[in-house]
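Look over the sequence and the structure first.

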Amino acid sequence: MKGKVVGKNVTKTDALALATGKPMYADDIKLDGMLQAKILYSPHAHARIKNIDTRKAEAMPGVHAVLCHKNVPRVPHTTAGQGWPEPSPYDAVMFDNKVRYVGDRVAAVAAETEEIAEGALKLIKVEYEQLPAIFDLEHAMDDGAPVIHDEPDSKYVIPVFFDPKRNHCAHIDLEAGNFDEGIKESDFVVDHKFKNHYGQHCALEPHTCISYFEPNGRLVLRTGTQVPFHVRRIVAQCLEVPERMIRVIKPRIGGGFGSKQEMLIEDVCAMLSMRTGRPVRLVLSREDVFVSSRTRHQMVIWLKAGARKDGRLTGINMRVISNAGAYGSHAMTVMSNCCAKALPMYKCDHIKFVGDTVYTNLPQAGAYRGYGVFEATYPMGVAMDELAEKVGMDPVEFWKINTVREGDTHPIFEKLGEVGKGVAMKIESCALPGCIEQAAEAFGWKEKRASYPKQDGKIRRGIGMVCTVQGATVAMIDMGAVFAKMNDDGSFNLLMGATDLGTGADTIMAQILAEALEIPVEDVLVYPADTDLTPFDKGAYASGTTPVTGMAVVKVAEMLKEQIIGVASEILGEPKEDLFLKDKGVESKKTTRRVEYGQIAKRSMYAKNQFQIAAIASNASKAPPQSYTAQFVEVEVDTETGEVRIPKYVVAADCGTVINPKLAAGQVEGAVLNGVSYALTEEFIFDKNGRVLNPSFGHYKIFTTQDVPKIETIFVQSYEPSGPFGAKSIGEVCINGPLPALSNAIYNAIGVRFYESPFTPDRILKALREK
Amino acid sequence: MTGVPLPEFDYMRPLTVDELSAILAKHKGEARLMAGGTDLIPLMRESVLRPKYVVDVKGVKELHGITTHDGGVTIGAAVTVNEIVESEIIRKKFTALWSAAKELSDQTLRSRATLAGNICNASPAADSCPSLLVLGAEVEVVGAHGKRKIPIAEFFKGVKRTALAQDEFVKAVHIPNQPAGAKSLYSKWKRSWGEDVALVGVAALVSGKKVRVAMSSVAPTPVLVPEIGNVFYGEGTLEEKIEKAAACVPGGICPINDVRCQAEYRTHMAAVLTKRVLRELLGVKK
C-alpha cells in the first residue's frame, strides 16, 4: 500500500533538534539543588552481608542520604517492565542482605557532587560472608548446587512453575503432534548442542534518571526508559506509595534494545529524592551498564530435527537451558519465545519443546532485541542448512518448502504464547516466499553457489542464508492508547504513551494520523510518553509499537473523521454520507463544495454547537502478527588469520506495508550490524570468580559505522489486516539472522560448523587446525 | 563517565623551550606534559594520574612543524598525527611511519594526538613505535642539564615507562634518511575494521639485504626482532627467507593473554603479519 504520507521517507520529527544538540535527553537538564547519586556494587559473586556500616559515609560533608537494606522497605518485585501481573518472578528487592553476582547492588549515596558520592561509597564498610557460587548454567540445578534465592519471599504472581531451591527459575514443556512418531519418518536427522554467549545492548545513552518533587508534592521521574507506565507502577510498588504520587516523563532516548524495558535505577533515584526532598540525578557509568544493567540470555540448546528425502521436516525437538543470571527478569518469557515466537515459521507437525531457565551468580539477563527468537534461530537456522545439505537440496528450496505461507496456521500459536497459552491464529500476511526469491536473486545465490566449491588459496569465500521471523506484541495483554485533538488551524495534537526510543515511532505515528486525516505530516504534533498527560501504552517492546499503537492511531482518526464531517455537514448543509476528507478539508461528492479544517476547527471552538474535536482510542493486541526476512550473507574467511570479512549482506524483509522506508531500512541495517557484531566480536569475559573483565568499549569491542558491511535491503510488502494500513513490525526480526547465517556461510567457506558463538578469528583458526 | 569532572589542576602554557624547561625543573613529578591530551585526559578522568600541573606544550613554537634537512626529517613534539599523514615526504620516504600514523586511532583523535605523545605514553601497543624502531629514529630530549639524543631502541623501558628523567621532555623525533631504494611499511591487526587498539602491529624496513622488523603489542615495550635481519644475509629464495623470518618471531617476542586477545593468537598473527609485510616490501607474491 502506498499513500500520500504512508510509504514516504518523512524526516524524523526529532531529527533537527537532536542533530543540533538541543537538550532533549534525560541527562540534559540541571535542576537547582540537584544531588548526585552513586551505587555501591558487590565485589563478590555470592555472599551474605553480615554487617554494613554506613555511619562514616553519612557523616561525610556533602552526603545527604545513604541507602542500604537496613533502611529501605523490603518489597519483592520484578524489575522486568512487563504487563501486570508480570510473568517474571518477584525475586528482587531494592537492597538485600545478600548479593548474588559481582556487580549486584549493595548501597547507594546521594551527595552534593559525584566526587563526594564516590568518596562516600568508599567509606561504607561491608562485612561479607562469602558463599559458594555457581556460574555454569548446565550445573545450576545439580544436587548440592548453592541456592541463589534462598529467601522465603520470592514468588511468581501468576500460577507458573518456580523452584528457587534448585535455582530453577522457569520451566515450560509442550508437544504439538508427536515428535517421537514424526522423527521416525526421517531419512536424515541432525542432533547438536548449541551455545550462545553473554552480550550487552550497548545503547549509547547509559541508564539515566533524574527525580524531583513538583510543588504539589508529587514525585517526577525523568528517565530514559522504554516502559514509562510500567516504571510508574513498579516504582510505586517498591516505594509503597500510590501510583498517583508518581509521574514518569520519558524524554528522547539514546537507544534501548531491551535494556531499558526495566525498572532499573528509578527506584533508587526516587527513594533518594524521598529521603532528601531534593532532585537527584543517577546515571550509570559505562562499566555499570555492562556489569549491572541487563544482558542477553546465554543459552544451551540441544536441537534434534529430521527431514524426509523429499526435504520435508519431520520433527523438531528443542531442549533449552537459559541462563537468567542472578535475577529472573524476563526469565520465563524469553525462554518461552524460543518456541512461541521462533518455531511457528517452520512447517512441521511434530514439535517438542522443553525449556528451563536457571539462576546463576552472573550478571542479570533481561530483554534484548530478538527476545528468545534470536537464541532459538541460531540452532534452527544452522540445522536447516545442515538438513538441506544432507537431503541434497539447495537451501533456498529447502527453506521455501519448510516455511509457512499466507493462510497457513501453526499448532504452536495455540499451544504457547509469550506468556502462557497462546491464541490460535491464521497467518493473514506472509511474503516470505517472495523474500527468499528476491533476496537470492539480488545476492546472486545461484551463481555463487555454483562457483564457490572450486576454491583454493588462503582466502575462502562462502555463502549462507537463513529465514527469520518475529511475532509482534504479547497477544491478549499488550494495549496502547492515543488521544488526539484538533487545533484552531486544523493541526492536531497526538498524545500517546508509546515510547520512541530512537527508532522513529513518533514519526511513524504522525504519518499514520496524517494519512488517515488527509493532512501533511507537519500538522501532527506528537507528544509522547508522559504518564500524567498521555494515555496508557505498554511501552516499546515485543516489536509492538507499530502494530499496537499504530492501530490505535487509525482508530482515533476514524473517530475524529466522524466529528469533522459532522461539523462540515452543518457548515455545508449537506448530508454526511456525501462528504469525504481531502487535502486538509472536507469535500462534497455531489456539489464539490469544500470547507477547510481551519474553518471547521474555529466553528467548533468559537461559533456554533461548540465542542472540542477530540478523541481517545485504545487498541489491544489479539494475535501476534509475524514479520519475516530472508537473509543472505557472503563471507571471506582468511584461513591464515581466521578473520571473517563480509563483502555482501542482502536482507529481504516482509514487514507488511512499509510506513517509512528510510526508517525501516535503518532498523534493518542497525539490526544486521547489531547481530554481526555479536556474532564476530562481542563477548563478556569473566574471571573464575564471575567478575566481568572487559566492561568498556575499549575491551568489549562492538562494530561501529566504520565496520558496517555492504547491506542491501529489499522490502517485499504484504498487507496485514490487523495493522495500521497493513503494516507489521521491523525492529527485531532482522537481528535473528546474522548468527546462523554467518555460521552457515563460514561452513560453506571452510567446512567447519560453529555450534558455539562468537566466531572470533582465534576460534576459527583453532577450528581449522582441529579439522 | 558523563559529567565526572577532571581532578583539579593548574594549567600552564609555556611559549618557549626554555620556559618549558624551567617549569619542569621546578615542578618535576608534580607536572605532566600535555600535547594532544588523548592519553593524558582519559587517565586523569579515571584518576590514574592526578598531576598538580598540566603543562600544555602546544604553545611552544619550536615544537611545531615537520622539517626536512640533509640528515633526514625532524618531527616536532607538538606535530599531530594527521600532520604526519598529510606529509608527502613522510609518505614517500618513511612509509612505515606514514602507514602507522594512518592506522593510529581514528580521524578525530589523530587531529589532536601527536607522535611525541604516542612514544612518551609508552604503551606496548603504540602504533608509531615499531615504525620508528625500523627507521632508526632518535629522540631529541631537553632537560635541566641540557640536551641529549636517545636512540628510539633505548627509549622504552617498560610498560608506560621511558628513559626520560623527570625534568626532561621530548623536543622532537629525528628520522634519518634511509639508503636509496629502502622501503618500509606498517601493518596492524585489529578486532574490527574501524578504530581499535592493535592486537599486533608489525613494521618492516627493507633495504637491499638489510631487513629490520619491529612489533607492538607483543612485549612490555615495542620491540625489534633482530634475528630476522640475519635471515636475509643467509641462503635461500626470498620466499624461504620470509618463512624463516616468520619462524624467528615467536622467539623474539613475549606476548600476554588479555581481554582483547590470547598470547597464542598474538604470536601467530605476529608471524603472519611479518610474512605479509615482508612479501609486500620484497615484491613476493603469494
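**Domains and contacts**

Chain A divides into three parts: domain 1 (15-22 + 478-620), domain 2 (31-131 + 204-255 + 260-292) and domain 3 (298-474 + 623-770). The model is predicted. The points below take the domain contact, then the chain contact, then the helix pair.

**Domain 1 against domain 2**

- The centres of domain 1 of chain A and domain 2 of chain A, taken over C-alpha atoms, are 38 Å apart.
- Domain 1 of chain A gives 17 residues to the contact, and domain 2 of chain A gives 18 residues.
- On the domain 1 side of chain A that touches domain 2 of chain A, seven residues are nonpolar, five are polar and five are charged.

**Chain A against chain B**

- Chain A brings 20 residues to this contact, and chain B brings 18 residues.
- The side of chain A that touches chain B holds six nonpolar, eight polar and six charged residues.

**Helices H15 and H16 of chain A**

- Helix H15 of chain A covers residues 545-572, and helix H16 of chain A covers residues 597-607.
- Their axes come within 10 Å and cross at roughly 90°.
- An angle of 65 to 115 degrees counts as roughly perpendicular, and H15(A) and H16(A) are therefore roughly perpendicular to each other.
- H15(A) makes the contact through A:Ile564, A:Val567, A:Ala568 and A:Ile571.
- H16(A) meets them with A:Gln599, A:Ile600, A:Arg603 and A:Ser604.
- The residues of the contact of H15(A) with H16(A) comprise five nonpolar, two polar and one charged.

Terms used: Residues numbered from 1 in each chain as written. Chains lettered and ligands numbered in written order. Predicted model: local features only at pLDDT ≥ 70, side-chain atom pairs only at ≥ 80, totals over all residues. Domains from an automatic or database assignment. Contact = placed C-beta atoms within 7 Å. Nonpolar A, V, L, I, M, F, W, Y, C, P; charged D, E, K, R; others polar. Axes fitted to C-alpha atoms, helices over the stretch in contact; angles between N-to-C directions. Helix = DSSP H or I, 4+ residues; strand = E, 2+ residues; numbered from the N terminus. Parallel < 35°, antiparallel > 145°, perpendicular 65-115°, else oblique.
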